[in-house]
Amino acid sequence: MNRRDEATRLDSHDPLRAMRDAFALPQDRVYLDGNSLGALPRCVSERVRAVVDQQWGRDLITSWNVHGWVNLPLSVGEKIAPLIGAAPGQVVCCDSISVNLFKLLATALGLRPSRRVVLTCAGDFPTDAYMGQGLHSLLGAERCEMRAVGVGELADALDETVAVLMMTEVDFRSGRRHDMRELTAAAHACGALVLWDLAHSAGALPVDLDDCGVDMAVGCGYKFLNGGPGAPAFLYLAQRHHNQVTQPLSGWFGHAAPFAFDPDYRAAPGISAYQAGTPGVIGMQALDAALDLFTGLEPASLRRKSLALTGFFMEGVAADPALAAMEVLTPTEEARRGSQVSLRHPEAHAIAQCLIAAGVIVDFRDPDIVRFGFAPLYNSFTDAAIALQCLSTVLSAGAYANERYRQRAQVT
C-alpha cells in the first residue's frame, strides 16, 4: 500500500476528521504551519462580524456591560484552563507572551527575594531570554541574572541561587518535548520556582500544570488555539502564589476597582491582578470563538491524532531514499515529541520556499531547519502524504537550486 492509499485509510478512521470542516482551508494548498499561525475557524469570521457590526457598530460603548467585554480576559482564561490542566481561577487571557513573561519573571524574583538567577535552556525561543535580559537591565545583576545552559546541564545548574527555571515545553526548532513533571520536581527540590512556556503545547497535546505542581506558565492564542494573527496570550499562576507579590505592570485593568479611578494602585485579588491595560476586544472575541471548537474534546484525543500524524510523516521520510539528505531532528520517541516534524538540510530555506510555491505551506527556522507543523484539529493524513510526495519531488529534482528560492522575505 502506498502512502496516499494508507493516508486515505487512516483519514477514514480518524475520529476527529469532521473537525476539518470547521476551518476555512484553501482547497489548493496543504497547510502545515499551524504551529506558527493556526488556520481560520469559520466560527471566528462569524463572531468577528457580529462584534464589529452589532456590538461595536450598534451597541457601542454599552457593549462593555451588555456583551461582557469587561470580563473577557477572565472568561477566555477559564476556557483555556482545561486545555492546560488548570483549575478555575488561575488563568487570565491578556497581552502577549513577552509581556506576560515579564510579569511572571518579576513575580518569581519577588517570591524568591534571596535568589537572583533566571535559569533557562540554551536555544529556547529568544523572546523568553530577551524579557529576562530586559529585567536584568532594569533591576541590575544583584537582583536578576540570566543563565542559559544546555539541556543536559540543567540538573547541575539548579542550585541555591536559582529563583526560577524558565523552560519551553516543546522546543520551537526541533519539536522536542521536555519532561514537565521531572524538571518541575528538580527545580522545586532546590527551592526554585518553574515557569513554562506553552506556545507549542496548548491546543495540541495534554498539559497538566496543576498535576505537575507548576508555579507559572504562559502561552499564545494564535498557534494551535487558532485565535488569529496577534491573538492575545494567556498566563497561569498557581493559586498558592496569589496575592503574595505585586506584578510590575500595574495598569488599571489589574486594579481592585478600576472605575473608581483611585490615584494610587491597589491590586485586584488573585489572577485578575495580572491584567494591565484595556484588552483588545476584537482579538479577544476571535480567540473566544476559536476556543469553542475544543468544547467536549479530550486533550488526549488531540494528542493521539498529533502523534499519529507526525509518526506517519516521519515514517515516510525514513522510507524515501530521495529524502536521505534530510536529517530528522524531532524525536521518534512519542513522549518526547511535540506536534511538528523538523528536518535539517543545508538548503533548508530554499527547500521551504519550493514547497510553499508548490502549495505546501511550511516554514523555515534559521539556520537550516524546515518545520512541518501538524494541527490535529484540521490536518489530515492526506495532507501529510501530499507533503511527503512534494518534498520528495523537490529533493529529487533539485528545484531548490533556483535563485528565486534563495530570496529571503522579512518573515520566514
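## A buried arginine

The side chain of Arg303 reaches the backbone oxygen of Arg337 at 2.8 Å. Arg303 sits in helix α11 (residues 299–319). Arg303 is buried but forms no salt bridge. Buried means under 20% relative accessible area (1.4 Å probe, protein chains only). A salt bridge needs a side-chain nitrogen of Lys or Arg within 4 Å of a carboxyl oxygen of Asp or Glu. Glu334 is the nearest side chain of opposite charge, 6.9 Å away.

Not counting residues up to four places away in sequence, Arg303 touches Arg177, Ala204, Leu205, Pro206, Glu334, Ala335, Arg337 and Gly338. Contact means heavy atoms within 4.5 Å.

## Basis of the model

The model is predicted: local features need pLDDT of at least 70, side-chain atom pairs count only at pLDDT 80 or more, and totals for chains, interfaces and linings use all residues. Residues are numbered from 1 along each chain as its sequence is written, and side-chain values use heavy atoms, with hydrogens and water left out.

## Two domains

The domain assignment gives domain 1 (3–31 + 298–405) and domain 2 (47–294). Their C-alpha centres lie 30 Å apart. Domain 1 puts 27 residues into the contact, and domain 2 puts in 19 residues.

## Nonpolar cores

The largest nonpolar core has 61 residues. Such a core is a set of buried Ala, Val, Leu, Ile, Met, Phe, Trp, Tyr and Cys residues joined through side-chain atoms within 4.5 Å. Ile84, Leu119, Leu165, Trp196, Leu198 and Leu209 have the most contacts inside it. Helix α10 (residues 281–291) gives the most, with 4 residues.

Notes
Buried means under 20% relative accessible area, exposed over 50%, partly exposed in between (1.4 Å probe, protein chains only). Helices (H or I, at least four residues) and strands (E, at least two) are DSSP runs, numbered from the N terminus. Lys and Arg count as positive and Asp and Glu as negative; His and the chain ends are not counted. A polar contact is a pair of N or O atoms within 3.5 Å; within protein, one must be able to donate a hydrogen and the other to accept it, and residues adjacent in sequence count only if both atoms are side-chain atoms. Domain bounds come from an automatic or database domain assignment.
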